Amino acid sequence: MNRQSLDTLKAALPHTIPVMTGYIPLGIAYGVFMTSAGNPFWYPTLTSIVIYGGSLEFLTVSMLAGPFNLLQTFLVAIMVQARHLFYGLAMLEKYKGAGYRKWYLIYTLTDETFSINCSADIPEGISRYSFWECISRLDHIYWMTGCTIGGLLGQIIHFNTEGLDFVMTSMFTVILLNQLLKEKGHISAWIGAAASLLCLLLFGRDSFLIPAMAVIVLMLTVFRKPVERSGDLS
Amino acid sequence: MTQTQAILTILTCGIATILIRALPFLAFRKDTPKYIVYLGNALPPAIFAMLVVYCLKDVSLVSGSHGIPEAAGMTVTILLHLWKKQTLLSIAGGTICCMLLMQFIF
């Protein structure tokens, strides 16, 4: 490893520690869940590479237990992953000049990787594309590691990680807080919170995300002038 | 489901995921319309607020632990962060608080 990539790794690694504490236990939990449903031990590793999206991977376990229907699988997968559309939109301009790295960055754009790459300040002297790639790769490695360990452990070991998944909630909260401290108007954050809560109440926890996304886009369009004037744009 | 069918199902999920993640980049390859650039810039705070709600969607206020561990974890995270502004510390503090409450009290 040359000097430059070592510097990049040093700058990127601390940002990924919360993701590591989240991904490895969660990956293990998922791996155990997948194999204890009677699937081969290497399925979790396979899905961690092919799908690489936690909630959909958990859902795959029940899909595999159900009837074989690729169209339905595809539609459900699109619905579950729909929020990732937003990440692509938000990273559109940032990832534009990434050259050959772009497709790996897009392929690994999970909730957590998006959060870091969208919000982290990149130290001077480090290429932003290498930085983002390093974050994406580390997160991917954590997830694959967790899933693989989980698949191997199967039903052998039981351990109490209850509450550990809160690490993700806490991480998103801190990032939201950082955004709020940085900007003045908070219009976008309020729209996001209000639309999500309202749709959660109206549509229930299993189907509120897509209506919430639609309401967010609608409100941001309606309030475009005040949002642009408040200078909150990143 | 046979093993071939299972692997096809997994591949289908993978293709759907990559499609969703790549769609904005495929749709706006050349010049991005101003409106889309605006959305891309204005969305992040709304997305993070949405993600926090999404993470807490399974918390029930009327049953189980009434969301107390999560509320305590959030409070600790926010207070620690306003006080020290150390991202890792805020996340660790809030998470440990939530885990302890869940495992030993509720």
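Before the structure, one definition: contact means heavy atoms within 4.5 Å. With that in hand, here is a predicted model with chains A and B.

Helix α2 of chain A covers residues 43-50, and its buried residues are A:Tyr43, A:Pro44, A:Thr47, A:Ser48 and A:Val50. What do these buried residues pack against? Within chain A they pack against α1 (3-36), α3 (54-65), α6 and α8, and from the other chain they pack against α1 of chain B. Just after this helix comes A:Tyr52, which takes a positive phi of about 50°.

A:Thr108 sits in the loop between α6 and α7 (111-119) of chain A. Is A:Thr108 buried or exposed? It is buried, with a relative accessible area of 0%; the cut-off for buried is under 20%. The side chain of A:Thr108 reaches the backbone oxygen of A:Tyr104 at 2.8 Å.

Now chain B. Its secondary structure comes to 4 helices and 0 strands, and along the sequence the pattern reads α-α-α-α. What radius of gyration does chain B have? The value is 20 Å, whereas a compact globule of 106 residues would be near 13 Å. Along the principal axes, the C-alpha atoms fill a box of roughly 50 × 50 × 30 Å. Of the 106 residues, 48% count as buried. Among contacts in chain B with a separation of 6 or more, 39% come from residues 24 or more positions apart. Chain B exposes about 5,300 Å², and carbon and sulfur atoms supply 68% of that.

Next, the interface. On the chain B side 70 residues are in contact with 93 residues of chain A. The size of an interface is often given as the accessible area lost when the parts come together. For these two chains that area is about 7,300 Å², with 77% of it on carbon and sulfur atoms. How many residue pairs are in polar contact between chain B and chain A? The count is 14, with both residues at pLDDT 80 or more. Which helices of chain B supply residues to the side that touches chain A? α1 (3-27), α2 (34-55), α3 (68-84) and α4 (87-105) each supply at least two.

A loop residue takes part as well. B:Arg29 is in the loop between α1 and α2 of chain B. B:Arg29 is exposed, at a relative accessible area of 58%. Not counting residues up to four places away in sequence, B:Arg29 touches A:Lys96 and A:Trp103.

Last, the charges. Side chains of opposite charge can pair when their charged atoms come close. Over all chains, the whole structure has 8 salt bridges. Between chain B and chain A the count is 1. That one joins B:Asp58 to A:Arg205, with the closest N and O atoms 3.5 Å apart. B:Asp58 also forms a salt bridge with B:Lys57, at 3.4 Å. B:Asp58 is partly exposed, with a relative accessible area of 47%.

Salt bridges that share partners also join A:Arg101, A:Glu133 and A:Arg137 into one network. Within it, the side chains of A:Glu133 and A:Arg101 meet at 2.7 Å, N to O. Where in chain A do A:Glu133 and A:Arg101 lie? A:Glu133 is in helix α8 (residues 128-153), while A:Arg101 is in the loop between α5 (84-95) and α6 (102-107). They are 32 residues apart, and the pair links distant parts of the chain. Both A:Glu133 and A:Arg101 are buried.

For another arrangement, take A:Arg224 and A:Glu228, whose side chains form a salt bridge at 3.4 Å, N to O. Both lie in helix α12 (residues 224-230) of chain A, 4 residues apart, about one turn of the helix. An α-helix has 3.6 residues a turn, so residues three or four places apart point the same way. A:Arg224 is partly exposed, with a relative accessible area of 25%, and A:Glu228 is partly exposed at 38%.

That is the end of the talk.

How values were computed:
Residues numbered from 1 in each chain as written. Chains lettered and ligands numbered in written order. Heavy atoms only, no water. Rg over C-alpha atoms; globule rule 2.2 N^0.38 Å. Buried < 20%, exposed > 50% of the residue type's maximum accessible area, 1.4 Å probe, protein only. Areas by Shrake-Rupley, 256 points an atom, 1.4 Å probe, with all protein chains shown as cover. Buried area = accessible area lost by both parts, 1.4 Å probe. Salt bridge = Lys/Arg side-chain N within 4 Å of Asp/Glu carboxyl O. Polar contact = N/O pair within 3.5 Å; in protein donor to acceptor, adjacent residues only side chain to side chain.
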